[in-house]
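Please look over the model below before reading my points.

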Amino acid sequence: MDGIHDLGGRQGYGPIDVGEPEEPFHEAWEARMLGIVRSMSRVAPWSIDWFRHVRELIEPVDYLTRPYYDQWLQTYAAMMVNSGVATVGELASGKSAAAIPGLAPPMTPDKVAAATRNTARFDRPATEPPRFTVGEAVRARIDANPGHTRLPQYVRGRRGEVTAHHGAHVFPDASAAGEERPETLYTVCFAATELWPEATAAGDRVYLDLWESYLDAA
Amino acid sequence: MSGHDSHTIAHIHEELHSHLPPEPALRVKALESLLVEKGMLDPATVDAWIEVFTEEIGPKRGAAVVARAWTDPDFKARLLADGTAAITELGFDGWAGGHLKVVENTPDVHNLIVCTLCSCYPHSVLGIPPNWYKTAAYRARAVRDPRGVLAEFGEDVPESVAIRVWDSTAELRYMVLPERPAGTEGWDAAELADLVTRNAMIGTARDLTPGKGEAG
């Protein structure tokens with residue numbers, strides 16, 4: 001979707017806060033929110049792509065102004081309401097109006113050490129050979145999926161070169177709609193001068209990981 | 001729409017905006033209370049995760065990976081060929097480490113990591129990302145004005161050095177292998193690891209010459 005989240009190359013944003021303190025959390029509630037997400041029981045099939053799409057759909061002003069972990073809260077709350085895990089009223093009050101039947105006990109602290117090494121993989125057995133070869137020129141498609149997509153606006157219509165392929169990976173556009181459909185994933189390199197009218201450094205490059213259906217031969 | 005409808009979610013976001021408590025701390029408190037009441041959360045587990053990400057999983061891990069690569073050419077070759085396998089050797093596999101690609105700085109190349117579409121980050125080796133990494137400003141500017149961003153971080157990269165920006169648009173996660181600074185010949189891996197900053201592994205720092213950071 002052409003949403004507020006698709007920020008690459010947008011202009012008008014100010015300087016970076018390079019003096020930010022090094023500590024991982026700056027507010028107690030931020031740490032709490034991260035811990036909640038790592039600890040809570042999942043009672044609905046929420047994929048990483050669905051999470052990202054629900055975050056992208058946060059109202060634009062909120063997306064740009066609310067702190068990062070507050071956006072996590074908003075996203076998890078929306079997924080819970082959508083999946084029937086909680087109501088808006090329950091999330092507002094913090095009081096449960098209805099129990100969830102048949103729920104397994106939540107994660108206990110003794111399970112955390114092992115869980116830190118849980119590593120999700122997104123590569124899948126390939127069903128078709130890659131359409132493009134390393135070194136081949138490709139052009140990113142102008143049109144992108146109106147739902148979730150990982151094809152940013154700033155490369156659409158631009159010409160790049162395939163620098164690697166990674167076999168088949170879960171395709172986010174389908175995954176965010178509840179369907180796991182693997183597709184070949186490539187790394188594609190774009191010259192800065194191809195992307196930005198003001199770019200002058202001939203050697204500068206931007207690399208993106210793009211799925212096959214985002215690309216045409218150039 | 002199998003529970004994946006964008007319009008439904010947009011409507012839920014509006015409802016939540018109108019009805020949740022006004023402060024983020026209060027919203028998080030309400031969420032935690034609700035999850036505990038529903039039997040979906042043990043607060044002691046939340047404490048344990050916070051401790052892990054405060055004490056254990058952070059940029060010290062990445063610095064150990066870099067120092068090992070600087071002192072062990074075979075490890076460096078394995079790290080550049082398959083980042084995930086190499087960090088697993090050190091016990092640093094985990095969250096967002098399933099497809100790690102390590103990109104190497106050289107005298108002619110500088111690498112910079114960003115996620116323009118959300119905030120993807122190699123958590124299992126670098127821990128919790130800084131807030132600035134997740135801001136609209138960094139996400140917007142890193143791909144378009146990397147030299148301007150680097151200048152704000154105190155790094156003036158000459159045009160003779162090519163900048164490669166890696167936008168984490170899929171499940172590959174990127175980490176920069178900085179250049180080993182001159183004047184560190186004979187240093188052991190532990191001494192070298194102390195030189196390696198989080199920003200150097202994101203790519204917003206380049207020169208790790210001993211003492212340079214202390215002056216700033």
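1. In chain B, the mean positions of the 20 positive and the 32 negative charges lie 4 Å apart. Lys and Arg count as positive, Asp and Glu as negative, with His and the chain ends not counted; each charge is placed at NZ of Lys, CZ of Arg, CG of Asp or CD of Glu.

2. This is a predicted model, in which local features need pLDDT of at least 70, side-chain atom pairs count only at pLDDT 80 or more, and totals for chains, interfaces and linings use all residues. Residues are numbered from 1 along each chain as its sequence is written, chains are lettered from A and ligands numbered from 1 in the order in which they are written, and side-chain values use heavy atoms, leaving out hydrogens and water.

3. Of the 216 residues in chain B, 60% are buried (under 20% relative accessible area, 1.4 Å probe, protein chains only).

4. Chain B is divided into domain 1 (6–41) and domain 2 (58–215), with bounds from an automatic or database domain assignment. Their centres, taken over C-alpha atoms, are 35 Å apart.

5. Over all chains there are 22 aromatic pairs (Phe, Tyr or Trp rings, using the six-membered ring of Trp, with centres within 6.5 Å; planes under 30 degrees apart are stacked, over 60 edge-to-face, the rest tilted). F51(A) and W72(A) make an edge-to-face pair, at 6.2 Å centre to centre and 90° between the planes. Both F51(A) and W72(A) are buried.

6. Ring pairs also join residues of both chains into a cluster, with F51(A), W72(A), W49(B) and W95(B) among them.

Note on methods:
Buried < 20%, exposed > 50% of the residue type's maximum accessible area, 1.4 Å probe, protein only.
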